[in-house]
Amino acid sequence: MSVKIACYVTASVTVATLMVCFMTMSTIYSEVDGFKEQLDTEMNVFRLSTNGLWKDIVVIGRNSKRVRRQYEETNATPTPHSDGSPSAPPDGRPGKDAEYCHCPDRAPPSEAVNGNRGYRNF
């Protein structure tokens, strides 16, 4: 008889354990579903907010007094100078608009070494 009692006890414990597992799984599923619903709600609020901001940006862009500049096709590509750079003055020094720059003086082409583009190594 003790074997019969042991089998009943084991089966009862197994059934109780399975019931606890199923209840735990349903609780976890409910919590995950709640998090998903909360995330969907927050995403909808965010989407509405960004759509409103985008509409405001578009309206501001239309009402802007900004003047758009267009280049003429004849001046679209600058002519390169003797050293090959399109923006360098002929003597290799910066123009008057670059007086604020404290760049090193450019070396003559004879002193340019290994592609340092005419600048002296300091």
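1. Asp40 is partly exposed, because its relative accessible area is 37%; the class covers values between buried (under 20%) and exposed (over 50%), with a 1.4 Å probe and protein chains only. Asp40 pairs with Lys36 in a salt bridge whose closest N and O atoms are 3.3 Å apart, the criterion being a side-chain nitrogen of Lys or Arg within 4 Å of a carboxyl oxygen of Asp or Glu. The structure contains one salt bridge. Both Asp40 and Lys36 belong to helix H1, where four residues, about one turn of the helix, separate them.

2. The model is predicted: local features require pLDDT of at least 70 and side-chain atom pairs pLDDT 80 or more, whereas totals for chains, interfaces and linings use all residues. Residues are numbered from 1 along each chain as its sequence is written, and side-chain values rest on heavy atoms, with hydrogens and water left out.

3. The protein chain has one helix and zero strands, these being DSSP runs numbered from the N terminus (helices H or I, at least four residues; strands E, at least two). Of its 122 residues, 5% count as buried. Its accessible surface is about 11,900 Å², 61% of it from carbon and sulfur atoms, as given by the Shrake-Rupley method with a 1.4 Å probe.

4. An unreviewed UniProt entry lists residues 7-29 as "transmembrane region"; such annotations may be inferred rather than shown by experiment. In the model, this stretch is 100% helix and 0% strand, with its end C-alpha atoms 33 Å apart.

5. Ile5, also in helix H1, counts as exposed because its relative accessible area is 52%. Together with Val9 and Val13, Ile5 forms a nonpolar surface patch with about 270 Å² of accessible area. Patch members have over 30% relative accessible area and no salt bridge, and nonpolar side chains (Val, Leu, Ile, Met, Phe, Trp, Tyr) are joined within 5 Å.

6. Asn44 lies in helix H1, which spans residues 2-63, and is partly exposed because its relative accessibility is 40%. The Asn44 side chain makes a polar contact of 2.9 Å with the side chain of Arg47; such a contact is a pair of N or O atoms within 3.5 Å, one able to donate a hydrogen and the other to accept it.

Technical notes:
Patches are made of residues with over 30% relative accessible area and no salt bridge: like charges are joined within 9 Å, nonpolar side chains (Val, Leu, Ile, Met, Phe, Trp, Tyr) within 5 Å.
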